[in-house]
Amino acid sequence: MNLTQTALIERTPNMKSVDATLLDRLKKAASSETAYEPAKWSEGNPLRGHCGAVSYVVSNLLGGEILQGRVNGEPHFWNRLPDGSEVDYTASQFGADCHYPIGRVAKPRKKINPRFIKFAEKVES
C-alpha cells in the first residue's frame, strides 16, 4: 500500500483506497494547463489543483457523485462511488495531516469547464 492509500484510509472512515492504475493515468495526464492554479502546479505534486477535473473524470469512469467541502480550509472536490464509499485521487496535495468534512453533493454544472475536458482527453489517450 502506498502513502496516498494509507492516508486515505486513515482520514475518513468511509474513504476507499485508490486504484493505482487509474491514479497513475491521472498523474500522467496532469499538467499546468489543466491545473486550477497553473503557477502552483509541479511535477512533484502533479494532482495539486486538479480536484475538480479529477472528480469529473472519476465520476464519468466509475459513476457515483461528486462531493464538495472545505479540506484544510480550501474548497475541494472528491467522489462518492455507487457503492457508497468515497475516494479522493487528489488527496496527496494535502499531505498526511488532512481532515475531510462530511461532503455535500456538488450541483451539476451547466457547462463543463474546458480544463476538465482537456484533462479527460489526456486521461483517455
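Student: Which residues in helix 2 are buried?
Tutor: This is a predicted model. In helix 2, the buried residues are L22, L23, L26 and A29.

Student: Where do they sit, seen down the axis of helix 2?
Tutor: They fall within an arc of 130° around the axis of helix 2, so they line one face of the helix.

Student: And what is exposed on the other side of helix 2?
Tutor: T21 and K28 are exposed there.

Student: What do the buried residues of helix 2 pack against?
Tutor: Against helix 3 and helix 4.

Student: Take helix 4. How do the axes of helix 2 and helix 4 cross?
Tutor: Helix 2 covers residues 20-29, and its axis comes within 8 Å of the axis of helix 4, with a crossing angle of roughly 125°. That angle makes helix 2 oblique to helix 4.

Student: Is the crossing of helix 2 and helix 4 left-handed or right-handed?
Tutor: Helix 2 passes helix 4 in a right-handed crossing. On the helix 2 side the contact uses R25, L26 and A29, and on the helix 4 side F119, K122, V123 and E124.

Student: How many of the residues in that contact are charged?
Tutor: Three are charged in the contact of helix 2 with helix 4, four are nonpolar and none are polar.

Student: Now helix 3. What is the angle between helix 2 and helix 3?
Tutor: About 140°, and the axes of helix 2 and helix 3 are 12 Å apart. Helix 2 is therefore oblique to helix 3.

Student: Which residues make the contact of helix 2 with helix 3?
Tutor: Helix 2 contributes L22, R25 and L26, while helix 3 contributes V54, V57, V58, L61 and L62. By class, the contact of helix 2 with helix 3 has seven nonpolar residues, one charged and no polar.

Student: That leaves helix 3 with helix 4. At what angle do their axes cross?
Tutor: The axes of helix 3, residues 51-62, and helix 4, residues 114-124, cross at roughly 55° and come within 9 Å. Helix 3 and helix 4 are therefore oblique to each other.

Student: What is the handedness of the crossing where helix 3 passes helix 4?
Tutor: Right-handed.

Student: Which residues meet there, between helix 3 and helix 4?
Tutor: From helix 3, G52, A53, V54, Y56 and V57; from helix 4, R115, F116, F119, A120 and V123. The contact of helix 3 with helix 4 divides into eight nonpolar residues, one polar and one charged.

Conventions
Residues are numbered from 1 along each chain as its sequence is written. This is a predicted model: local features need pLDDT of at least 70, side-chain atom pairs count only at pLDDT 80 or more; totals for chains, interfaces and linings use all residues. Side-chain values use heavy atoms; hydrogens and water are left out. Axes are lines fitted to C-alpha atoms, for helices over the stretch in contact, and angles run from 0 to 180 degrees between N-to-C directions. Helices (H or I, at least four residues) and strands (E, at least two) are DSSP runs, numbered from the N terminus. Angles under 35 degrees count as roughly parallel, over 145 as roughly antiparallel, 65 to 115 as roughly perpendicular and the rest as oblique. A crossing is left-handed if the near helix is turned anticlockwise from the far one by less than a right angle, and right-handed if clockwise. Contact means heavy atoms within 4.5 Å. Ala, Val, Leu, Ile, Met, Phe, Trp, Tyr, Cys and Pro count as nonpolar, Asp, Glu, Lys and Arg as charged, and the others, Gly among them, as polar. Buried means under 20% relative accessible area, exposed over 50%, partly exposed in between (1.4 Å probe, protein chains only). The arc is that of the directions from the helix axis to the C-beta atoms.
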